[in-house]
Amino acid sequence: MFSQLKARFGAPLSVGVVALIAVWLIGMVILPQLLMVDYSFKPNLLPSEIGSDKDHYTLENYTTLFGNTIHLTIFFKTIWSSVLVTFLTLVVSYPLAFYLAKVATPQQAALCLLLLLIPFWINEILRTFSWYIILAYKGPLNALLLGLGLIDRPIRFLSGDGGVLIGMVYAYILFMIFPIYNAIESLDGNQIKAARNLGAGWIRTHYRVIIPHAKPGIATGCIMTFMLAAGSYAVPALLGSPGSRWFTQIIYNWFFEGGDWNQGAAYAFLLLVICIGFIGLVMKVFKVGLGDIAR
Amino acid sequence: MDSSVHLDNVVMQFGDFTAVQQMDLKIESGEFFSFLGPSGCGKTTILNMVSGFLEPTKGAVRIGGQDMRGVPANKRPTSMIFQNLALFPLMTVAENIEFGLEVRGVSKAERRKTSDRLLELVALEGSGTKKVSELSGGQKQRIAIARALAVEPQVLLLDEPLSALDLKLRQHMRTELKEIQRKTGITFIYITHDQGEALTMSDRVAVMSAGKLQQVADPISLYKQPDTAFVASFVGENNGITGKVVSYANGEAVIDAGVLGQLVGKAHKPLNTGDTATLFIRPESLHLDSQRDCQIMTQLDEVNFEGSYLTLNSRTLDQRALSVQLGANQYQSDMVSGKELALSYSAVDAIVIAGEVGDV
């Protein structure tokens, strides 16, 4: 690859580009991460204790989680809620992606994509806040439902998990739509026609022909949404209630309120490792390979 | 069982564009019927209307006498073979064939029996467990046929299914398709722009141009008695000489073709004196002598040797191109560019049709 670069841009420029990338990757991604790994295996010490007998590697930070039932509950709840967010996002996104890829005319698709993209030009915090307003006890959604006579007293959307789920589905919908849209788009329209022609109704056509074809795209979308949801901070912090605390909030607390970076780092890595393991397991269950996703 | 297809005064419009002009056509039960025409003439639109992917703007499609208006594609007794076959790549060969039966809730054992029987019909026994990607072009073709037949359709629709195959395979598949049609007795509606395919396989052929039906006839009549100038020039090779009608009487017409003088041919339809008309002579009906009814002087441009026959491309005095087909044994060494050729033909071999070659 380097020889290709050299042939195209000449030696000095190529070395410069590669060096910049290396500095970026090593200095700003790999080393900080390694430092955090190192932190996570050390006890939280006072500056004077660094270098003393107490400064040795330990698994203590990692075992803390398993001794704390509240944290453990929040941990598994975060994983479960992220699964739920992923599932809901998929349910919302798939029909839209199919419509965009196979039903809409090019103009309709362009308009739809634009409408989907525009809100994402606004800062995530602001978008989440607008949901806070929409879902508030005396907010416009409750006013609308009351006005239509569908409910006779306002619903507390923001207590419990409802607000967080809605906020996250909204925040990550594009990460789900685009991979699925790409996958369905590459399906030959005659495949759908052939299934219809052989007597398949719409549900079976999706289940037997379109979804199997779109599986890598669905997997990519689900993985992105799941990872983003599990690692999300802003949405649960703004739309969550005390009952719907996210594990990231606990990590945040260790870092910035407990002042225990070592403990926070250990929690963060546990979340990362378990999430990756979970994804690997799900991929195995649904028989999706890494190669399929990279396509 | 009645499996006729009746296009009852159908019209298909897309916005301002009329893809199929008013058409009333009945395809008989068990017939091998072809739609022949250049690309964009509306023949695929007809297939889409019969299969239910499109609803005609006006008129109705009747299959076995039953009005198909409002019947969705998945409820029609038709089965289609797509131009690109559209086999399901993620299913095995057997799963592909059995898909239509799976949809209908047929039991697994029953399905297996059908797919085995069909694999035998298309001479691919034992390939059921193979992946589609493991098959050759011709094998895929046969699987597509088997898949379409598995649902026991009343009408089989074929959208240029042989166009992706090489010449030898194409010719072989023609015979096989005809054979399968004979065995099953299903109505075949075949779409093609390849006249060879249409003429060799079909019981009847409909020639289409610009959304309009030009002529419906059996292959021999289509070749020997074209109704329109379009059919005469589209079906088979033909030489067209345009001129003015001098006289018409008793099915014979004389046209004035300028410097070529007066030429005589048969005319199936009455012509008016003074109108523009074209005289068509097949390349094989032009002879290298001057003993027949009409003579035409030409100059030779080039000689193409095509194996069993020769094609002479020549030009008349007023620069009209004429091609002549001769048996390979009639080749003479002095046939070189620039040589004067005296051609003649018998009036019964020529046909005079109103209009010009480019008319549709």
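How many helices and strands make up the secondary structure of chain B? The count comes to 8 helices and 19 strands. Do keep in mind as you look around that this is a predicted model. Here is a short tour of chain B, the contact it makes with chain A, and a nonpolar core with members in both chains.

**Chain B overall**
- Taken along the principal axes, the box filled by the C-alpha atoms of chain B is roughly 75 × 50 × 35 Å.
- Chain B has 360 residues, and 40% of them count as buried.
- If you take the contacts in chain B between residues at least 6 apart in sequence, 66% of them join residues at least 24 apart.

- Where they meet, 6 residues of domain 1 of chain B are in contact with 4 residues of domain 2 of chain B.
- On the domain 1 side of that meeting point, strand S10 (212-217) and helix H7 (219-224) of chain B each supply at least two residues.

**Where chain B touches chain A**
- The contact between the chains involves 16 residues from chain B and 15 residues from chain A.
- Strand S6 (78-81) and helix H2 (93-103) of chain B each bring at least two residues to the chain B side.
- H2(B) is the biggest contributor to that side, giving 3 residues.
- By residue class, the side of chain B that touches chain A has 10 nonpolar, 5 polar and 1 charged.

**The largest nonpolar core**
- The largest nonpolar core holds 148 residues, and Ile180(A) and Ile189(B) are the ones that touch the most other members.
- Helix H8 (residues 162-185) of chain A provides the largest share of this core, at 15 residues.
- Both domains of chain B take part too: domain 1 (5-224) and domain 2 (231-354) each give the core at least three residues.
- Setting aside neighbours within four places in sequence, Ile180(A) is in contact with Ser93(A), Tyr94(A), Ala97(A), Ala214(A), Gly217(A), Ile218(A) and Gly221(A).

Notes. Residues numbered from 1 in each chain as written. Chains lettered and ligands numbered in written order. Predicted model: local features only at pLDDT ≥ 70, side-chain atom pairs only at ≥ 80, totals over all residues. Helix = DSSP H or I, 4+ residues; strand = E, 2+ residues; numbered from the N terminus. Buried ≥ 20, exposed ≤ 12 C-beta atoms within 10 Å, placed from the backbone. Contact = placed C-beta atoms within 7 Å. Core = buried A, V, L, I, M, F, W, Y, C linked by C-beta atoms within 7 Å. Domains from an automatic or database assignment. Nonpolar A, V, L, I, M, F, W, Y, C, P; charged D, E, K, R; others polar.
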